[in-house]
Amino acid sequence: MTDEYYTESGIPVKLLYAPEDIAGYDYEKEIGFPGKPPFVRGVYPNMYRGRLFTVRQLAGFGAPEDCNERIKFLLRHGATGVNIVFDLPTVRGYDSDSPEAEGNVGACGVAIDSLEDMERLFQDVPIDQVSASVVTHLPSTTVVLMAMYMVMAENRGISFDKLSGTNQNDFIMETTVGSGPEILPPQASFRLQCDAIEFATKNLPRWNPVSYNGYNLREAGTNAVQEVAVAIANAIATAEELIRRGLPVDSFARRMSFFWDLCNDFFEEIAKCRASRKVFHEVMKERFHAQDERSCHMRFHVQTAGITLTAVEPFNNVARSAIQGLAAIFGGAQSLHIDSYDEAYSAPTEQAALISLRTQQILQVETNVVNTVDPLAGSYFVEYLTMEMARRIRDYVAEIEKRGGLVACVESGWLHREISNYAYQQQKAIESGERKIVGVNYLKADHAHSGEIEVFRYPDTEERQKAKLRALRERRDGKRLAEAMISLRTGCKTNENIMPHVMEAVRANATLGEIEKVFREEFGLWQFPLA
Amino acid sequence: MSRKIKVLMAKLGLDIHWRGAVAVSRMLRDAGMEVVYLGNQFPEEIINAAIQEDADVVGLSTLGGNHAVLGPKVVRLLREKGMGDVLVLMGGVIPRDDMPALKKAGIAEVFGPETQIQEIVDFIHANLKKASAAS
């Protein structure tokens with residue numbers, strides 16, 4: 001038996017940490033007080049006493065009217081934000097009646113085909129009061145769903161400055177983390193990502209138009225260092241592009257947000273959160289010379305790690321998720337989703353979703369962990385690990401830049417290979433038993449099967465969505481639609497921001513699939529490197 | 001003459017989660033099989049590839065909820081093309097209750113998230129239907 005210990009990302013761990021391990025670090029300069037640079041201890045001076053993290057449980061399945069019920073259920077039980085995930089045809093840009101959508105409509109997320117669907121999804125939800133995370137994943141999906149959300153607000157007479165929420169909008173999701181049959185080129189996806197951010201910067205003062213998605217990158221197969229480094233490299237690429245377009249850094253940087261995956265290595269995950277704030281501050285301050293301190297605030301959402309959930313003995317997942325949620329609080333997260341125990345089978349049942357919501361509330365009001373800011377600061381181990389994580393994140397960002405920046409690293413397939421290699425090594429470690437999973441390859445119970453849990457059944461959605469699409473296509477104003485689609489096509493060919501064109505298409509009742517088809521035709525398709 | 005067992009691995013339809021399919025592909029290769037990773041494909045293209053490659057095994061990976069519709073469709077199309085002797089396997093996030101219907105439709109086995117790759121290797125060796133491939 002070896003007596004060498006490592007964190008999940010490979011940082012050696014000693015038996016004991018003592019003052020000399022952090023002796024070189026000046027507190028005020030390297031760590032600082034909460035709300036003060038370099039923000040290791042949090043972006044706000046009073047953190048959760050000022051505002052608790054938003055309880056933002058993901059919801060998404062079926063048709064919009066089915067999902068609307070779940071949203072209202074979560075809000076009635078004390079959720080403080082909405083968090084919507086879409087089905088794969090919506091995410092990948094196909095209408096529910098397209099052949100590609102077969103078998104996927106309303107599964108794993110809600111189906112949205114049109115503006116009317118978006119309005120059904122948010123029916124009776126006060127979008128001028130509740131902040132909505134609209135998990136659009138891909139930039140090409142973002143520009144459409146974000147436009148639908150805004151036109152919905154127009155129709156309700158709500159001004160854009162009242163809208164608060166977040167889009168995911170990450171070109172890494174479109175080109176690297178998620179595979180698909182038809183994928184836009186990285187450069188085109190990156191352009192749409194930046195178009196959405198530029199548009200929101202000018203029109204949506206309370207909207208976060210991007211949530212750099214470390215989460216899904218981690219789930220696909222990276223360690224904690226890579227997760228943060230790739231997200232920061234994307235923020236760097238975005239900042240460079242928007243500055244090139246003439247926007248000052250302080251106009252957009254404070255609306256950038258991030259999304260982390262908190263896995264099982266408790267202290268490393270906490271150190272990751274703290275280190276990520278430090279590195280982001282350095283980048284915005286030193287490289288982009290941000291003057292507004294808010295431009296240097298890394299704000300992030302956390303979801304507990306789906307990849308750590310097991311199908312065997314599923315109730316054990318309640319414990320895993322609660323511990324990961326605790327790490328998110330010690331890491332200073334702004335909002336949190338706690339996974340449900342049944343997610344190795346399907347989307348959560350209402351009962352499982354309620355346990356996740358209750359876990360959040362137990363952490364918030366029963367454990368007292370939110371009562372003091374950054375309680376682990378000063379731990380020799382946590383501070384050492386934070387500095388070490390920050391060093392490794394910087395090194396990985398430098399590696400990406402050495403290879404020509406993030407867009408080039410995607411185009412060459414380098415990032416795909418990094419992920420694939422890590423996933424392969426992890427699987428080998430599980431097979432060999434080096435990496436232990438309780439109940440799966442370690443202390444396997446006699447009846448190590450799945451336990452009899454109720455598994456969520458997606459409501460039949462495809463036919464209902466198809467019928468709505470047929471009716472919409474008959475009813476809409478063909479002339480207005482045709483004009484809007486021509487202007488959309490022209491917009492793709494130029495360098496102008498695509499958002500006004502997409503909004504006009506949405507107002508003309510163009511469907512999501514019709515708009516995405518124009519993108520595919522105008523931007524062309526790209527060969528995913530692993531296929 | 002014996003040759004390597006030929007496996008076609010596909011992400012089914014629009015499912016975006018490629019981690020498992022790629023890891024399993026590499027590990028089946030480590031186990032001495034010839035693996036062609038097709039990326040995302042719809043049933044019709046999977047069948048075309050299976051014919052072209054003369055595949056012994058087709059692996060369908062999905063975590064996207066389309067297993068119940070597209071899995072049986074692959075088996076049906078294979079049989080229509082006279083390729084009912086291809087072993088069709090599925091892996092991913094699939095509710096237990098859906099498994100009997102998938103097996104009834106001709107999916108030989110469904111492998112869940114915590115499958116050890118050796119189980120898949122052993123299953124293929126034990127259940128290979130085509131005589132031409134080496135076991």
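Among contacts in chain A between residues at least 6 apart in sequence, 77% join residues at least 24 apart. Two residues are in contact if their C-beta atoms, placed from the backbone, lie within 7 Å. The model is predicted: local features need pLDDT of at least 70, side-chain atom pairs count only at pLDDT 80 or more, and totals for chains, interfaces and linings use all residues. Residues are numbered from 1 along each chain as its sequence is written, and chains are lettered from A and ligands numbered from 1 in the order in which they are written.

Chain A contains 21 helices and twelve strands. Helices (H or I, at least four residues) and strands (E, at least two) are DSSP runs, numbered from the N terminus. The radius of gyration of chain A, 23 Å, is close to the 24 Å that the globule rule gives for 531 residues, so the chain is as compact as a globular protein of that length. This radius is taken over C-alpha atoms, and the rule is 2.2 Å times the number of residues to the power 0.38. The C-alpha trace of chain A spans about 75 × 60 × 45 Å along its principal axes. Of the 531 residues in chain A, 55% are buried. A residue is buried if 20 or more other C-beta atoms lie within 10 Å of its own, exposed if 12 or fewer, and partly exposed in between, with C-beta atoms placed from the backbone.

Five strands of chain A form an open sheet in the order E3-E12-E11-E10-E9, with parallel pairing. Strands E3 (54-55) and E9 (210-213) of chain A are the edges, each pairing on one side only. Two strands pair if DSSP finds at least two bridges between them. Strands E11 (residues 299-304) and E12 (residues 335-337) of chain A are joined in the parallel sense by three bridges. Here A:His301 stands opposite A:Ser335.

The contact between the chains takes 33 residues from chain A and 32 residues from chain B. On the chain A side, helices H4 (88-92), H9 (214-221) and H17 (414-432) each supply at least two residues. H17(A) gives the most, with five residues. The chain A side divides into 18 nonpolar, eleven polar and four charged residues. Ala, Val, Leu, Ile, Met, Phe, Trp, Tyr, Cys and Pro count as nonpolar, Asp, Glu, Lys and Arg as charged, and the others, Gly among them, as polar.

Helices H19 (residues 478-493) and H21 (residues 512-523) of chain A pack at an angle of about 35°, with their axes 10 Å apart. Axes are lines fitted to C-alpha atoms, for helices over the stretch in contact, and angles run from 0 to 180 degrees between N-to-C directions. The crossing of H19(A) and H21(A) is right-handed (the near helix is turned clockwise from the far one by less than a right angle). H19(A) contributes residues including A:Met485 and A:Leu488, and H21(A) residues including A:Ile515 and A:Val518. Seven residues of this contact are nonpolar, none polar and three charged.

Most residues other than glycine have a negative phi, and most peptide bonds are trans. A cis peptide bond joins A:Pro37 and A:Pro38, with omega about 0°. A:Pro38 lies in the loop between helices H1 (27-31) and H2 (47-50) of chain A. A:Met47, not a glycine, has a positive phi of about 40°. A:Met47 is in helix H2 of chain A and is buried, with 22 other C-beta atoms within 10 Å. In B:Asp54, phi is positive, near 50°. B:Asp54 lies in the loop between helix H2 (43-53) and strand E3 (57-62) of chain B. B:Asp54 is partly exposed, with 14 other C-beta atoms within 10 Å.
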